[in-house]
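Dear colleague,

I am passing on the structure below, and my notes on it follow. Please read them with the model open beside you.

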Amino acid sequence: MKRPQAQVAVLQAADAQDDRRIDDVAAEADLKPEAATRAAFELEADGLVSVAEETLEHYELTEEGETYVRESLPEQDLYEAAIDAGAADGPVQMGQVIGASGLEGGAVDIALSNYARKAYGEIDSGEITANPDAAPGSDPEMLALEAVADGHVEDADADALDQLERRGLIDVREETVRSVQLTDDGVTALMEGVDAAETVDQLTPELLTSGEWEDVAFTEYNVAADAEDVSHGKEHILRQTANRVKDTLVGMGFSEMEGPHADAQFWINDCLFMPQDHPARTHWDQFALEQPEEIGELPADLVERVRSAHKEGVGPDGEGYHSPWTEDIARGMDLRGHTTSLSMRYLSGHQVGELDPPERYFSVEKVYRNDTLDPTHLLEFFQIEGWVMAEDLSVRDLMGTFTEFYEQFGITDLEFKPHYNPYTEPSFELFGTHPETGEVVEVGNSGIFRDEVLTPLGVDCDVMAWGLSLERLLMLMYGFEDIRDVHGTLCDLELLRETEVMR
Ligand SMILES: N[C@@H](Cc1ccccc1)C(=O)O
């Protein structure tokens, strides 16, 4: 029987009695481990070898773990100091015990929480007691830590190991080890004789330039054989979802808007009837730009109409804010805290010319806010902005559009809550239910633009509009609980690799 060179080498190196690790087989057969693995899978598909897989765990101390093995666990130090201070006989002032323990900084909190967890004693309103029966000398976590340090993980208690991993004192790394063994058919094949077929399994530049490729026989590929996972570059799921959102909105008849990430406050705030001295103005804690300090061009007629809307209001009963308004502030540059700045540019007729209702526009673009980082907030996120300009729009149109949009992403339990925006009336916040936690999460904000916004822009029909969060949509679609797993420096690469694309 003729077989490709790599397969023959693996067959000859494999054993009928014992599992041999593929790495050893590869070394003996003088093959790269990947090539040996591929050959083994191909032989397995033909029933000549069996391939076994085993996951090995490697344990290693972290830097913090190493310090504790050399010295002691913070809770052990605290216990010792508590005993010395007489806390076994009754409550003692905590400050005194901590001072005597020599613990400092973050170690104090670590000591306190583990002390209580391990029932070394009790901590209550600034006082500490020590449990005389506790035995920190044979603390299972310390023993496990020592076992890892000595390379005898098998002696360590499994629960203690879990706890150490949770405390960040050890790192656990998993490795998949594969081994091969000859099957009966493999032995028979070897006995009958297998020769290396002179086949070529890779087309090289040399083969091409010499013209030799025309005469050689190529190895047959078994595309059904199992193979090693190769993590290759792929589009980030956030980008994939953004593209899907764009396709969906285009399918619903919308056109895409584009515009600057850093823009004048005029487009970001003033056009939206947000008074210059109002907290609403900083309510997204926008990032201001030092350079350039102000925008070059603003349409003078529009600036005048916006100023007048702020000062005097719009229409015969208009009141305005009667608060100071200066063009200087309007010219100041910020990173946009929402993409509603793009909607203003488009609705004003300054981006694509005068609009003729009905019109529909959207964008899926980044916005920037000085938020506090937490599982649902980053300093930047993608906003799905959109608006519809038409005669006689109502809240029903708005709700219907959202229902239709979110349905395409499998979200059918939208909830609406009346809300306040300086620029829309009525306004609604949108909520969806997280598939894993069951929590109701805000996914967007919307409303129908007020006359104070539309009249200066020169729009004389209704406009309904919204800003939705792409990241929140992603969380509802895929069940992610912490946005930082997906986006940013702490992002979980494994999760990004393994998440299936949903189309
Ligand atoms: N700008 C709003 C979203 C919105 C846009 C348009 C109208 C109403 C609301 C936000 O960022 O939350």
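Rings of Phe, Tyr and Trp (for Trp, its six-membered ring) are taken as a pair if their centres lie within 6.5 Å, and planes under 30 degrees apart count as stacked, over 60 as edge-to-face and the rest as tilted. This is a predicted model, in which local features need pLDDT of at least 70 and side-chain atom pairs count only at pLDDT 80 or more, while totals for chains, interfaces and linings use all residues. Residues are numbered from 1 along each chain as its sequence is written, and side-chain values use heavy atoms, with hydrogens and water left out.

The structure holds 14 aromatic pairs. In one of them the rings of Phe273 and Tyr321 have centres 4.4 Å apart and planes at 25 degrees, so this pair is stacked. It links distant parts of the chain, 48 residues apart, with Phe273 in the loop between α13 (265-268) and α14 (300-312) and Tyr321 in the loop between α14 and α15 (327-331); helices here are DSSP runs of H or I with at least four residues, strands are runs of E with at least two, and both are numbered from the N terminus. Phe273 is buried at 3% relative accessibility, whereas Tyr321, at 27%, is partly exposed (buried means under 20% relative accessible area, exposed over 50% and partly exposed in between, with a 1.4 Å probe and protein chains only).

The rings of Phe405 and Tyr406, with centres 5.2 Å apart and planes at 85 degrees, form an edge-to-face pair. Phe405 is buried at 3%, and Tyr406 is buried at 1%.

Finally, Phe254, Phe402, Phe416 and Trp466 form one aromatic cluster.

With regards
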